[in-house]
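The sequence and structure are shown first.

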Amino acid sequence: MTNERAGEGPGRVGQVKEITSLSNPIIKDIKALALKKTRDETGSFMAEGLKLVIDALALGWTIRTLVYSKEAKGKPQVEEVAVRTVAKGGLVLEVSAKVIGAITRRDNPQMVVGIFEQKLTKLDSLRPTLGETYVALDRVRDPGNLGTIIRTADAAGASGVILIGETTDPFSLETVRATMGSVFAVPVIRASQADFLAWRRKADVSIVATHLAGAVDYRTIDYKKKPVVLLMGNEQQGIPDELAKAADALARIPQAGRADSLNLAIATGVMLFEARRHLLSLEARG
Ligand code: SAM
């Protein structure tokens with residue numbers, strides 16, 4: 001059952017819907033965002049947590065719906081994001097703990113959830129400049145890997161993550177969770193392999209592909225002379241020949257022990273912090 005009532009915060013009187021029923025159609029629509037098909041059709045996705053919602057709004061993302069649990073009612077920061085959501089024409093829902101648990105599929109859910117408009121950056125709009133680093137992921141499959149890579153790219157100061165070919169959805173709940181908010185800070189770009197190769201021919205970048213058969217130790221590469229694109233392979237198959245051929249270097253991370261390879265997200269982290277070593281310091285955080 002849905003009933004409309006007066007909101008308490010200034011500027012949003014009558015704008016808050018109170019919902020306690022799981023069969024409410026709005027809640028059903030939000031729950032359907034667990035499906036890629038619904039996310040694609042609506043162009044929206046879900047992010048959990050008050051801090052994430054505040055950061056996303058500060059970074060200019062468009063919020064469509066703010067959901068908060070009754071326990072969060074009256075908290076000044078929640079009131080503030082509710083006012084901002086209404087001001088942008090969004091919907092504000094005050095729901096029971098049961099409802100927010102069902103939306104997020106968690107036993108101990110966050111008290112605040114935002115439904116945002118998806119935003120991707122176009123490959124053609126990228127004009128890499130010296131000091132910039134991009135990560136290009138070939139057909140990344142695992143949502144946890146992708147989320148961890150977006151978070152790590154953010155932490156290393158990378159300028160974007162390029163998704164090549166059919167990849168896992170950057171806007172799935174699992175990926176967004178693993179990014180810990182960095183999905184709002186790091187531009188994500190989608191491209192076919194052909195488009196990536198065409199862009200690569202125009203862009204003045206150094207493509208460093210990582211390969212288990214790479215002949216070059218990743219620590220010997222000059223990452224300073226051009227903007228760098230770190231090309232990482234699919235979890236099962238690695239990098240296909242067409243992409244490997246387009247690279248300026250095939251880099252390998254030396255390994256000891258029995259493991260055949262590193263996990264994709266770990267390998268990306270190792271590469272990112274080496275490629276940006278000269279740009280990162282404990283003093284300057286920018
Ligand atoms: N069976 C795959 C193969 O033969 O390439 C293993 C892929 S590995 C799990 C996923 C990706 O992580 C690789 O394609 C590569 O980009 C990167 N990677 C993992 N370990 C690496 C290493 N020691 N040196 C360079 N790249 C590595």
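A polar contact is a pair of N or O atoms within 3.5 Å. The model discussed here is predicted.

| Residue | Protein atom | Ligand atom | Distance |
|---|---|---|---|
| Gln-236 | backbone N or O | nitrogen | 3.0 Å |
| Ile-253 | backbone N or O | nitrogen | 2.9 Å |
| Gln-255 | side-chain N or O | nitrogen | 2.7 Å |

The ligand, taken alone, exposes 560 Å², and the protein buries 85% of that area.

The largest nonpolar core comprises 29 residues, and Leu-137, Val-161, Val-208, Tyr-223, Leu-230 and Met-271 have the most contacts inside it. Two or more residues of this core come from each of strand 7 (133–138), helix 6 (143–156), strand 8 (160–164), strand 12 (228–232), strand 13 and helix 10. Helix 10 provides the largest share, six residues.

Beyond its neighbours within four places in sequence, Leu-137 is in contact with Leu-146, Ile-149, Val-161, Ile-162, Leu-163, Ile-164, Met-232 and Thr-268. Another core, of 24 residues, lies apart from the largest one and includes Ala-47, Val-78, Val-92 and Val-112.

Key
Residues are numbered from 1 along each chain as its sequence is written. This is a predicted model: local features need pLDDT of at least 70, side-chain atom pairs count only at pLDDT 80 or more; totals for chains, interfaces and linings use all residues. Side-chain values use heavy atoms; hydrogens and water are left out. A polar contact is a pair of N or O atoms within 3.5 Å; within protein, one must be able to donate a hydrogen and the other to accept it, and residues adjacent in sequence count only if both atoms are side-chain atoms. Accessible areas come from the Shrake-Rupley method with a 1.4 Å probe; for residues, only the protein chains shown count as cover. A nonpolar core is a set of buried Ala, Val, Leu, Ile, Met, Phe, Trp, Tyr and Cys residues joined through side-chain atoms within 4.5 Å. Buried means under 20% relative accessible area, exposed over 50%, partly exposed in between (1.4 Å probe, protein chains only). Helices (H or I, at least four residues) and strands (E, at least two) are DSSP runs, numbered from the N terminus. Contact means heavy atoms within 4.5 Å.
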